[in-house]
Amino acid sequence: MITLKQMLAAKNRPLAVVTPGDSVFHALSLMAMHDVGALLVLDGEDLVGIFTERDYARKLILHGKSSKETLVSEIMSDKVAYVTLSATVDECMALMTEKHFRHLPVLSDEDGKVIGIVSIGDLVKATISNQQFLISALEHYIRG
């Protein structure tokens, strides 16, 4: 099974982040530029929140606020579930399913610093890849 470390390395792109003081408009621009649905919110190197498309839709648009005048800190989710590199794909999927979210920050086991983020799509892709590998191995075994 693919590890979180391998999954993050395969992304092969810089981590898109914002600060609590950035405007929501800036965050949305970054999301569009990087083609992602969530941004980690960092204060220096510390993870202080996550900003998602869902936050934007439910906390800004529905309340008639302006994305250029609203700060990320006003609508980000500040209670962030996360995993470390030692977590398995199955553990990540279980956590995301239980908590009903689609993005999960990954922190270092050693110092708790942000390493990356995985999406439900990343995890589903890894699970399918593993299942295809197992099926191939079983077919090879059966054929002898």
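1. Basis. The model is predicted, so local features need pLDDT of at least 70 and side-chain atom pairs count only at pLDDT 80 or more, while totals for chains, interfaces and linings use all residues. Residues are numbered from 1 along each chain as its sequence is written, and side-chain values use heavy atoms, with hydrogens and water left out. Helices (H or I, at least four residues) and strands (E, at least two) are DSSP runs, numbered from the N terminus.

2. Strand β2 covers residues 38-43 and strand β3 covers residues 46-52; they pair in the antiparallel sense over 6 bridges. Pairing here requires that DSSP finds at least two bridges between the two strands. L39 has F51 of β3 as its bridge partner. The hairpin has 2 residues between its strands, and G44 in the turn has a positive phi of about 70°.

3. The other partner of β2. Strand β1 pairs with β2 in the parallel sense, over 2 bridges. V17 stands opposite L40 in β2. Strand β2 is largely enclosed by the rest of the structure, because 5 of its 6 residues are buried. Buried means under 20% relative accessible area, exposed over 50%, and partly exposed in between (1.4 Å probe, protein chains only).

4. Helix α2. In this helix, residues 24-34, the buried residues are V24, A27, L30 and M31. Seen down the axis of α2, they fall within an arc of 120°, so they line one face of the helix. The arc is that of the directions from the helix axis to the C-beta atoms. The buried residues of α2 pack against β1 (17-18), β2, β3, α3 and α4 (72-75), where contact means heavy atoms within 4.5 Å. A32 and M33 are exposed residues on the face turned away from the buried side. Just after α2, D35 takes a positive phi of about 55°.

5. Salt bridges across the chain. A salt bridge is a side-chain nitrogen of Lys or Arg within 4 Å of a carboxyl oxygen of Asp or Glu, and the count comes to 4. One of them joins K11 and D122, with the closest N and O atoms 2.8 Å apart. K11 is in helix α1 (residues 4-11) and D122 in helix α6 (residues 120-143), so the pair links distant parts of the chain, 111 residues apart. K11 counts as partly exposed, at 25% relative accessibility. Another joins D46 and K113, with the closest N and O atoms 3.4 Å apart. This pair also links distant parts of the chain: D46 is in strand β3, K113 is in the loop between β5 (103-107) and β6 (114-119), and they are 67 residues apart. D46 is partly exposed at 43%, and K113 is partly exposed at 28%.

6. The side chains of D55 and K59 meet at 3.3 Å, N to O. Both are in helix α3 (residues 53-59), and being 4 residues apart they are separated by about one helical turn. D55 counts as buried at 5% relative accessibility, whereas K59 is partly exposed at 31%.

7. A nonpolar patch. L138, Y141 and I142 make a nonpolar surface patch of about 420 Å². Patches are made of residues with over 30% relative accessible area and no salt bridge; like charges are joined within 9 Å, and nonpolar side chains (Val, Leu, Ile, Met, Phe, Trp, Tyr) within 5 Å. Accessible areas come from the Shrake-Rupley method with a 1.4 Å probe; for residues, only the protein chains shown count as cover. Y141 lies in helix α6 and is exposed, with a relative accessible area of 68%.
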